[in-house]
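Please read the following note with the sequence and the 3D structure open beside it.

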Amino acid sequence: MNLAYRDIRHGFGRFILTCIGLGLLLGVVLAMIGIYRGLVVDALTIARAPAVDLWIVEANTRGPFAEASRIPGDVREAAARLAGVESAGGITYQTVETEHMGAKLRLYVIGYEPTRPGGPPEILAGRGIARSHDEMVADQSTGLALGDRLRVGRNTFSVVGMTRHQVSSGGDPAVYITLADAQKLQFDLAPPAVRIQQARGAVGGSRDTVNAVVARLQPNASPEAVAEAVRRWKHQAAITQEAQEQILISSLVDRARRQIGLFTSLLLVVSAVIIALIIYTMTIEKTKQIATLKLIGAPDRTIIGMIVQQALALGLIGFSIGATLIASISGYFPRRVVLEADNILALGLVVVVVCLMASGLGVRAALRVDPATALGS
Amino acid sequence: MAGAMADHPLVRCERISKHFGEGETRVDALRNVSLDVYPRQLVALLGPSGSGKTTLLNIIGCILDASSGSMAFDGETVLSEGRWLKSNLRQLRLYNIGFIFQFHNLIPFLDATDNVALVLQLAEEEAGAARARAVELLDYLEVGHRRNAMPAKLSGGEAQRVAIARALANRPRIILADEPTAALDSKRAGIVMDLLRKVAVEQDAAVIVVTHDEKIFDWFDRKFTLRDGRLA
């Protein structure tokens, strides 16, 4: 006779409500883990999007994501001529704020040369950029649709293609435009400022500046060897793809990652305390029944089994509710929530351990119940 | 436990004493209490509140240590000079003692049959056999028609009969009852006492009842009155 099951069945409504409450809490824990993972994935997405092996940036910087970097655009020609380099392209990154459908829209604008590395990794709908000006490929999360027209800076762009999962480390959705348009957007002065500069005689400088040059290497080339060749130029720095990703994780999103990690840990502790309190309360409510069981001769293992089984049932059902809930609504979060099987399994195991530890409090209380309590009123 | 002999007491208490606390806070709950209870006897433990009735019942029920004294069940010593001679008192209770409470204390999440079958299953009885025996006992106590009812749906008298069935499940020779009729009216109290009499006679058992309930005094074969921890 399974006493835990009979007790749960007897008070099923109350038990399931408790499970739902716990499920919501564990759902929040799971969401935080998903946001934590999403933060890392988002940070790496933009760096991985060009599918390159080497980043050439301004000397003494760790650009273009962790630090500002500006280099002449013609570096791509020099880079393309290096032994082992298959192709190279200039690239720019900047954040702009514009308006769409009457609402503010923050965008992470990526400028690239359509025939060179640096463009969107995939086109879900529409096409890639074919004209040299005023066309844009937008991420789905911008809310833009094919054919939409959007004013960015002093130009109006047409959305000709859609891509997905392309956001900055801050969560702003990305749009891709040509390098020429991006340079104009980033480096051109406003007409009044140009007039002032002309009056001062300070005009005519080159506009061909990029934030980085990205290079795709030949299959047998060593990224580190090519990077070393670039470093010998003295006026540029070279970062391998692997190093770039490490910079992003350890520098750019590190604080946010640690913040969310700490918050997740705190939530786990709160969950553990709540599970312990629920199980303790459930045990205390059964003091008279436990005393009766002891009095009629039930061994401790019967009583411990009842408490531990109920604790595990509570935790696992609550966890299942939380996991199902978050899996169902994760797409509605403003930032990406990445939940992988290993994360879910790990939290499931943590919940089992927490339940076992929490049930210890209830078991301790149960073992202290005096069987004589069953006698008298 | 050795086989019962009619001329041997089923429960023998010798010079049982129990005190709580020490020094100025010491309270002597029992002082050198000796009594014998024989098979087929219905025995009452009477006395005012605080006289030591429940303390004595707890010691006979092996749920409270005595400070000194000895006790034997059916000729076998289980307590000597205040020390238990059995290591597993819960098992001793499971097989030898049936308890009946004032408020029946049925497990609220088990139906009447399972409340009785639980005790049998704790004694390693197979589930099917346990349920069969439980139904047999409920029928014996004329509450078989309520076998599937949950305790909350039973009347006071029905619940007390189920509790008696549970107390009898493992065929104990000693039945201890704490105010079993306190929550019942005269008619139902009489029915419960008749049942206890029937059990004592048919199962060759000794029934010890702690009670204040004067309306059932006539049912007892012997009455022990306690005052200030002593037998009066």
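1. Two residues are taken to be in contact if their C-beta atoms, placed from the backbone, lie within 7 Å. In that sense, and leaving aside neighbours within four places in sequence, A:Val308 is in contact with A:Leu356, A:Ser359 and A:Val363. A:Val308 belongs to helix H10 (residues 300-329) of chain A, where helices (H or I, at least four residues) and strands (E, at least two) are DSSP runs numbered from the N terminus. This is a predicted model, in which local features need pLDDT of at least 70 and side-chain atom pairs count only at pLDDT 80 or more, whereas totals for chains, interfaces and linings use all residues. Residues are numbered from 1 along each chain as its sequence is written, while chains are lettered from A and ligands numbered from 1 in the order in which they are written.

2. Is A:Val308 buried or exposed? A residue is called buried if 20 or more other C-beta atoms lie within 10 Å of its own, exposed if 12 or fewer, and partly exposed in between, with the C-beta atoms placed from the backbone. A:Val308 is buried, since 20 other C-beta atoms lie within 10 Å. A:Val308 and A:Ala4 are 304 residues apart in sequence, yet their C-alpha atoms are 8.5 Å apart in space.

3. The domain assignment of chain A gives domain 1 (3-43 + 255-374) and domain 2 (54-118 + 172-220), these bounds coming from an automatic or database domain assignment. Taken over C-alpha atoms, the centres of domain 1 of chain A and domain 2 of chain A are separated by 51 Å.

4. In strand E1 (residues 54-58) of chain A, 4 of the 5 residues are buried, so the strand is largely enclosed by the rest of the structure. Two strands are said to pair if DSSP finds at least two bridges between them. E1(A) pairs in the antiparallel sense with strand E12 (residues 236-240) of chain A over 5 bridges, and A:Leu54 stands opposite A:Thr240 in E12(A). E1(A) also pairs in the antiparallel sense with strand E11 (residues 212-217) of chain A, over 3 bridges, and there A:Trp55 has A:Val214 as its bridge partner.

5. The axes of helix H2 (residues 12-48) of chain A and helix H7 (residues 241-252) of chain A come within 10 Å and cross at roughly 145°. Such axes are lines fitted to C-alpha atoms, for helices over the stretch in contact, and angles run from 0 to 180 degrees between N-to-C directions. On the H2(A) side the meeting residues are A:Val40, A:Ala43, A:Leu44 and A:Ala47, and on the H7(A) side they are A:Gln244, A:Glu245, A:Leu248, A:Ile249 and A:Leu252.

6. How many residues does each chain bring to the contact between chain A and chain B? Chain B brings 25 residues and chain A brings 20 residues. Helix H1 (53-60), helix H2 (89-96) and helix H3 (112-122) of chain B each supply at least two residues of the side of chain B that touches chain A, and H3(B) gives the most, with 6 residues.

7. H3(B) deserves a separate look. Of its 11 residues, 10 are buried, so H3(B) is largely enclosed by the rest of the structure; among them are B:Val116, B:Leu118 and B:Leu122. The buried residues of H3(B) pack against H10 of chain A, together with H2, helix H4 (127-140) and helix H5 (156-168) of chain B. Just after H3(B), B:Glu124 takes a positive phi of about 70°.

8. Chain B also holds an open sheet of 6 strands, in the order E7-E8-E9-E3-E10-E11 and with mixed pairing. The edge strands are strand E7 (97-100) and strand E11 (230-231) of chain B, each of which pairs on one side only. Strand E8 (residues 174-178) of chain B and strand E9 (residues 206-210) of chain B run parallel and are joined by 5 bridges, with B:Ile174 opposite B:Ala206 in E9(B).

9. An open sheet of 5 strands in chain B has the order E2-E1-E4-E5-E6, with antiparallel pairing. Strand E2 (27-37) and strand E6 (83-84) of chain B stand at the edges with a single partner strand each, so one side of each is left without a neighbour in the sheet.
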